[in-house]
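The model is predicted.

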Amino acid sequence: MEAQQSTGKYWAYFFIWLAIMIGLLIFYRQFFWLALPGVCTHFSKAMRLF
């Protein structure tokens, strides 16, 4: 059986990327897509989806 890893750092990365994405949506709408992979990746890791 595997030891459970802490997901705290993934949640922190998720919220950082989320803030970046919201900032991009407000100020530079055309660059919104650059932050989307970071948000999706760290959310799925924080939820232990893979």
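## Burial along helix α1

A residue is called buried when its relative accessible area is under 20%, and exposed when it is over 50%. In α1, the buried residues include Tyr10, Phe14, Met21 and Leu24. Viewed down the helix axis, the buried residues of α1 fall within an arc of 90°, so they line one face of the helix. An α-helix has 3.6 residues a turn, so residues three or four places apart point the same way.

The buried residues of α1 pack against α2, which covers residues 32-46. On the other side of α1, Lys9, Phe15, Ala19, Ile26 and Phe27 are exposed.

## Length of helix α1

Helix α1 takes in residues 8-27, 20 residues in total. At 1.5 Å a residue it should span 28 Å, and the 29 Å between its end C-alpha atoms agrees with this.

## Aromatic pairs

Two rings are paired if their centres lie within 6.5 Å, and planes over 60 degrees apart make the pair edge-to-face. The count by this rule is seven aromatic pairs. One of them joins Trp11 and Phe43: the ring centres are 6.0 Å apart and the planes stand at 80°, so this pair is edge-to-face. The pair links distant parts of the chain, with Trp11 in helix α1 and Phe43 in helix α2, 32 residues apart.

Trp11 has 26% relative accessibility and therefore counts as partly exposed. Phe43, at 34%, also counts as partly exposed. Trp11 and Phe43 form one aromatic cluster with Phe14 and Phe15.

How values were computed
Residues are numbered from 1 along each chain as its sequence is written. This is a predicted model: local features need pLDDT of at least 70, side-chain atom pairs count only at pLDDT 80 or more; totals for chains, interfaces and linings use all residues. Side-chain values use heavy atoms; hydrogens and water are left out. Helices (H or I, at least four residues) and strands (E, at least two) are DSSP runs, numbered from the N terminus. The expected span of a helix is 1.5 Å times one less than its number of residues. Buried means under 20% relative accessible area, exposed over 50%, partly exposed in between (1.4 Å probe, protein chains only). The arc is that of the directions from the helix axis to the C-beta atoms. Contact means heavy atoms within 4.5 Å. Rings of Phe, Tyr and Trp (its six-membered ring) pair if their centres lie within 6.5 Å; planes under 30 degrees apart count as stacked, over 60 as edge-to-face and the rest as tilted.
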